[in-house]
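Student: Hi! Could you walk me through this structure?
Tutor: Happy to. Here it is.

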Amino acid sequence: MSRTAGEPLTDQPAVIHDTFRIEKTYPQYPARVFHAFADKGTVRRWRVEGDGFKLHEFTFDFCAGGSEASRFSYMDGPEIRLDSHFHDVAPNSRIDSARGREEGCRGLLEKPAAELRR
Amino acid sequence: MASAMGAMAGGEGDVASTTLVKQPLDNRPSLMILNYMLNQLAVDSNFRALAEPTRRAMVERLSRGPASVSDLARPFDMSLAAIVQHLKVLEECGLIRSEKVGRVRTCRIETGGLNTLADWVAERRSLIERRLDRLGEILAETDQSTKTTPNEAKEAK
């Protein structure tokens with residue numbers, strides 16, 4: 001950290017903070033969409049299965065205080081490990097969670113909040 | 001043409017040629033590589049074609065409906081030869097097609113012509129966006145199998 005004034009800062013930061021928001025509208029009722037976030041079989045299908053996914057492990061316990069763990073790889077990429085913890089679950093409206101993601105030598109800490117609105 | 005060949009071969013030859021046609025060609029590794037390369041070339045020529053503002057404007061115009069070459073030329077301050085050259089580029093990479101009836105050449109958007117680029121863009125979407133797309137597909141699937149759940153029936157009232 002001993003950087004003299006005027007010296008260009010070329011090193012990549014070790015930690016990057018970022019926030020993003022994705023809005024997506026589904027024609028189904030919130031109850032149906034919530035079910036797709038809550039039901040193990042359905043979650044498995046849209047989150048870690050499908051073309052290009054190779055699933056190695058998947059556990060899922062959906063409730064406040066519950067957790068989700070999955071290990072999978074996508075296309076030719078490295079194994080990705082996701083460990084999620086559900087903080088708060090408000091049926092049909094909101095899911096707060098935190099998760100750690102390991103991908104090769106990179107690590108991500110995410111704080112996803114899913115909000116369902118009509 | 002296939003039926004004409006079948007009629008000529010007749011009998012057993014007919015059966016053999018049918019079996020050959022039904023083989024899944026895509027499973028052969030060399031063909032998969034060839035398909036991939038052809039697709040890359042198509043993506044390349046499509047992007048090249050659309051990188052030019054005049055050609056992009058022509059595609060935008062044609063997406064609103066067919067137009068004659070002179071209609072397409074009107075907004076641009078360039079020779080008819082140059083216009084025809086631009087249209088030729090678009091037609092060669094399959095984005096538009098044209099036909100001449102009498103003395104008028106009419107151009108229109110090729111149905112599915114943008115699929116190559118749409119697929120390319122879709123494949124570049126981030127994992128999280130693709131997951132949400134997939135969620136949409138699954139929700140739509142279950143729409144067809146089970147019409148309404150008791151909860152929805154309540155909400156619908």
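Tutor: One term to start with: helices (H or I, at least four residues) and strands (E, at least two) are DSSP runs, numbered from the N terminus. This is a predicted model, where local features need pLDDT of at least 70, side-chain atom pairs count only at pLDDT 80 or more, and totals for chains, interfaces and linings use all residues. Residues are numbered from 1 along each chain as its sequence is written, chains are lettered from A and ligands numbered from 1 in the order in which they are written, and side-chain values use heavy atoms, with hydrogens and water left out.
Student: Okay, in what order do the elements of chain A run?
Tutor: From the N terminus on, they go α-α-β-β-β-β-β-β. That gives chain A two helices and six strands.
Student: And how much of chain A is buried?
Tutor: Of its 118 residues, 33% count as buried. Buried means under 20% relative accessible area, exposed over 50%, and partly exposed in between, using a 1.4 Å probe and protein chains only.
Student: Let's pick one residue. Where does A:Ser97 lie?
Tutor: A:Ser97 sits in strand 4 of chain A, residues 94–103.
Student: Why does A:Ser97 count as buried?
Tutor: Because its relative accessibility is 8%.
Student: Which residues is A:Ser97 in contact with?
Tutor: Leaving aside neighbours within four places in sequence, A:Ser97 is in contact with A:His85, A:Phe86, A:His87, A:Lys111 and A:Pro112. Contact here means heavy atoms within 4.5 Å.
Student: Switching topic: how many residues do chain B and chain A bring to their contact?
Tutor: Chain B brings 20 residues and chain A brings 26. The area buried between the two chains is about 2,200 Å², with carbon and sulfur atoms giving 58% of that. Buried area is the accessible area (1.4 Å probe) that two parts lose on being put together, summed over both.
Student: How many salt bridges are there between chain B and chain A?
Tutor: The count is two. In one salt bridge, the side chains of A:Lys24 and B:Asp133 meet at 2.6 Å, N to O. The rule asks for a side-chain nitrogen of Lys or Arg within 4 Å of a carboxyl oxygen of Asp or Glu.
Student: Which elements of chain B give two or more residues to the side that touches chain A?
Tutor: Those are helix 8 (127–145) and helix 9 (150–156) of chain B. Helix 8 of chain B supplies the largest share, 16 residues.
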